[in-house]
Amino acid sequence: MVSELIYRGHEAQQASDTYSPKPVKPWSSVARPIRYLLREQRLLFVLVGVVIATLFFTVLPSPHGPRDADYSIPLTDSDSYFRETRSKVSVPQRIGFGSANPTGKIPLGLKRKGLRIVVTGGAGFVGSHLVDRLIARGDSVIVVDNFFTGRKENLMHHFGNPNFELIRHDVVEPLLLEVDQIYHLACPASPVHYKFNPVKTIISLIFPTNVVGTLNMLGLAKRVGARFLLTSTSEVYGDPLQHPQVETYWGNVNPIGKFLFLSFPFFLPPYRKLKNWRPSSVSSGCVSFDSWSWLSCP
Ligand SMILES: O=C(O)[C@H]1O[C@H](OP(=O)(O)OP(=O)(O)OC[C@H]2O[C@@H](n3ccc(=O)[nH]c3=O)[C@H](O)[C@@H]2O)[C@H](O)[C@@H](O)[C@@H]1O
């Protein structure tokens, strides 16, 4: 009895050692999910779902609307003062995800992607209000300012905000930053400074900051493919006939007296190259243009 048991045990051992491949079931792994999908019109329901989702995300307008509509953020007291003052800043009309989203439409349910923006002269009067507005819109702002006339107090309420950075830097020196848009406002602008030393002011106004600084910022825009906004001064309107000035106000300018100012841009070699120059928005004495206009120059 014992020997028989031992023998049986050996027999079982031998049987398990022999390799027996599993029987192949052709197409069973593919056919089963397909059968599942076709049963009870499940495929039809999936397709209908895909169509509804596509319509939902493409046809319906975004609740944020086009990016231009972002400027409908409720105005604060300081903003309304900003509006009343002749603003040097014009807002580019087409701000999307660069050229990838020219219509500016954002699918419903998706949060608007914040832009990375440099504001030169952002510690000044106009610049600091612009920074407030951009931060409120959800963008990340880097202020570049040498504090020639600007004040840290204008920006202190943003300190500690992860979307805000402040760099003490003179735009006369080149700077490399990865950004989507550049608002160039850095300029010695105060009449107090003009009167202190008019000759030095005109020289410093035209050459280091306005020429070298602007060229540096244009170079940055070209390098990183950013859009560029160049600001001018409300002085181009001449002595005001009304205050505050509305957008339809055309100014009070003697073109002969302004010859130097108006002809100044044409003395700049890079500007002469801008044959395809297309102002995308001209408002309040400001001109903005797309960096691709610059890039498309021969
Ligand atoms: O023309 C106008 O309508 C406005 O001009 C100026 O406003 P703004 O252009 O903002 O002038 P600042 O407040 O002096 O701002 C210029 C900024 O550029 C900076 N800056 C200046 C020169 C420079 O080389 N680099 C540089 O970063 C200054 O530090 C300052 O923060 C006047 O201050 C406003 O009262 C006036 O309404």
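1. Helix H2 spans residues 28–38 and is hardly covered. Of its 11 residues, the count that are buried is 0. After H2 comes Glu40, with a positive phi near 50 degrees.

2. Keep in mind that this is a predicted model. The mean pLDDT of the protein is 70, and 56% of its residues reach 70 or more. Over residues 63–102 the pLDDT is below 50, yet this stretch has 68 contacts in the model beyond near neighbours in sequence. Residues 258–298 also have pLDDT below 50, again with 68 contacts beyond near neighbours in sequence. Where pLDDT is low, the predicted coordinates should not be read in detail. The model scores are ipTM 0.95 and pTM 0.56.

3. On the overall layout: the protein has 10 helices and 7 strands. Buried residues make up 21% of its 298 residues. Take the contacts with a separation of 6 or more: 68% of them join residues 24 or more positions apart.

4. The largest nonpolar core holds 28 residues. Ile117, Val119, Val143 and Ile182 touch the most other members. Two or more residues come from each of strand E1 (116–120), helix H5 (125–137), strand E2 (140–145), strand E4 (181–184), helix H7 (198–224) and strand E5. In soluble globular proteins, nonpolar side chains tend to be buried together.

5. What is Val143 in contact with, leaving aside its neighbours within four places in sequence? The partners are Val119, Gly122, Ala123, Val131, Leu155, Leu166 and Ile167. Of these, Val119 is itself among the core residues that touch the most other members.

6. Leu185 lies in the loop between E4 and helix H6 (191–196). Is Leu185 buried or exposed? Leu185 counts as buried, because 28 C-beta neighbours fall inside 10 Å and the cut-off for buried is 20 or more. Beyond four places in sequence, Leu185 has contacts with Val119, Thr120, Gly121, Gly122, Gly124, Val126, Gly127 and Thr231. Leu185 and Thr231 are 46 residues apart in sequence, but their C-alpha atoms are 5.8 Å apart in space.

7. Thr233 sits in another loop, between strand E5 (227–230) and helix H8 (259–267). Thr233 counts as partly exposed, because it has 14 C-beta neighbours inside 10 Å.

8. One caution on point 7: residues 258–298, where the pLDDT is below 50, take in helix H8 (259–267).

Notes:
Residues are numbered from 1 along each chain as its sequence is written. This is a predicted model: local features need pLDDT of at least 70, side-chain atom pairs count only at pLDDT 80 or more; totals for chains, interfaces and linings use all residues. pLDDT is the predictor's confidence in each residue, from 0 to 100. Two residues are in contact if their C-beta atoms, placed from the backbone, lie within 7 Å. A residue is buried if 20 or more other C-beta atoms lie within 10 Å of its own, exposed if 12 or fewer, and partly exposed in between; C-beta atoms are placed from the backbone. Helices (H or I, at least four residues) and strands (E, at least two) are DSSP runs, numbered from the N terminus. A nonpolar core is a set of buried Ala, Val, Leu, Ile, Met, Phe, Trp, Tyr and Cys residues joined through C-beta atoms within 7 Å.
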